[in-house]
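Open the model in a viewer and keep the sequence panel beside it. The stops below say what to select and what is there.

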Amino acid sequence: MPSPASTPSRLAHGGNGSSIPPSPGLGGSISNLLLKESRALLLDPLPQAALDILIDAGFTVEEAYEPQSEADLVRRISDYHLVCLDDHREDLYLSDEVIRSAHRLLAIGVFGGQTQSVDLHTAQTMGIPVFNAPFQHQNAIAELCISFIVLLARQIGDRSREIHEGEWNKVSANCYEIRGKTLGILGYTRLGGQLGVMAEAMGMRVVFWDEQAVMPIGRAESRATIDAVLAVSDYVVLNLEPSKENTGVIGKKELATMKKGSYLINPSFGDAVDVAALADALKSGHLAGAAIDALPSPPAPTPETPKPAPDAGLAPLRDLKNVLLTPSLSSHKTSESAIRIANEVATSLAHFVHRGSTVGAANFPSIAASWPLQDGVRRICNVHRNVRGVLREIDYVVGNYNVGKQVLDTKEGVGYLVVDVQAEDLATEVVSQLAVLSHSIRTRIL
């Protein structure tokens, strides 16, 4: 008897109930859009908006929410054309072996901004785009930062904790309004721009630094260096990508450069801040408060602590006054952002399946194949290794047809080519020739 994890529950049907055609081989495989039945597997619950889009796109949507082993996934995944999952997992779930077993798989949808649960490289080398939505929750993060600013300015965290403990400490000393204060943003793109607009609406002045030249939004002012931002800001928000270059960006020297009585807020990259130096700056009174929503790396294991807790790196900040510590709330979706993410990822999947568009794929060349297919036109979507001479080989195959439109993009070692040809029916030998090209990974005919 099959295990519960291997028996998916069918939610809705968008096909005609026919069986799935046999899978072609991996090398230069051909996946024809006009499948008699297209199946999507949900590994996590998703908003109804996503299900509606997939069903309207013609997919039978089935669920398998129980945790599954790699062996379970290998046995199951080859039956599906789409696989959809949430982004909450920190460990790899769709591994190299799982993805290589997915001979029918056209695309993967990760409903969130993080893709660490999917082996992106293996999916790319097999011609499988992985779609996600890394920016739909930026508004929620900006609101979180604004809330941190207000809570720190009024010492709300301390007062709330005190009253929970039975202490009535009704004081307003060293509490401030944020109107007229200066917000400094390190890393302005995307989140920084939205945060700046919100801060200006509350009467704040906004200055920022970014390593690239970016267009300010509203009245925000650019500064040439990080120190130039730190020196004038009452509140500093970090919007930095995890990277070696950004590790330790805010250390003892930078904290000393900040205004006395200012506040530091980090919702982005935990290791961007020297936590011990921050604790010293708070204890000395140089900084008036801090909000940390990004976990720094835990300390190295020791014989006494062979496996440090994930939040062990925050230990120097615990029990300090006016310090807000939250469990990476910025990386989790709000109800509204979950709907936006569902709409974006599900729509990206539908556009890829029906048009060949790869906009929104984390591991794939980006082509916005948004133009409709005309009568008498077939679309060839070819994924190939990006090597010298490969286009010559492909052009030789399609050269007998009138090419109406052709778009190419590359990413890393993979190229993606979309070609519209004037032909009601492509000759069988053309399809076969594309499949057997030495550098062809996958071809679809729409």
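Start with helix α10, residues 275–283; helices (H or I, at least four residues) and strands (E, at least two) are DSSP runs, numbered from the N terminus. Its buried residues are Val275, Ala277, Leu278, Ala279, Ala281 and Leu282, where buried means under 20% relative accessible area, with exposed over 50% and partly exposed in between (1.4 Å probe, protein chains only). This is a predicted model: local features need pLDDT of at least 70 and side-chain atom pairs count only at pLDDT 80 or more, while totals for chains, interfaces and linings use all residues. Residues are numbered from 1 along each chain as its sequence is written, and side-chain values use heavy atoms, with hydrogens and water left out.

Show what surrounds α10. The buried residues of α10 pack against α9 (252–257), β12 (262–266), β13 (287–292) and β14 (323–325); contact means heavy atoms within 4.5 Å. At the start of α10, select Asp274: one of its side-chain oxygens comes to within 3.2 Å of the backbone nitrogen of Ala276. Just after the helix, Gly285 has a positive phi of about 90 degrees.

Next, select α5 (residues 138–153) and α7 (residues 191–201), which pack at an angle of about 50 degrees with their axes 9 Å apart. Axes are lines fitted to C-alpha atoms, for helices over the stretch in contact, and angles run from 0 to 180 degrees between N-to-C directions. α5 and α7 are therefore oblique to each other (under 35 degrees counts as roughly parallel, over 145 as roughly antiparallel, 65 to 115 as roughly perpendicular and the rest as oblique). To see the contact, display Gln138, Asn139, Ile141, Ala142, Glu143, Cys145 and Ile146 of α5 with Leu191, Gln194, Leu195, Met198 and Ala199 of α7.

Move to α1 (residues 48–56) and α11, whose axes are 8 Å apart at an angle of about 15 degrees. That makes α1 roughly parallel to α11. Display Ala49, Ala50, Ile53 and Leu54 of α1, and Ala342, Asn343, Ala346, Thr347, Leu349 and Ala350 of α11, which make the contact.

Finish at Ser357, in the loop between α11 (335–355) and β15 (377–385). Is Ser357 buried or exposed? It counts as buried because its relative accessibility is 8%. The side chain of Ser357 reaches the backbone oxygen of Ile367 at 3.3 Å. Beyond its neighbours within four places in sequence, Ser357 is in contact with Phe131, Ser348, His351, Phe352, Ile367, Ala368 and Ala369.

Note on methods. Polar contact = N/O pair within 3.5 Å; in protein donor to acceptor, adjacent residues only side chain to side chain.
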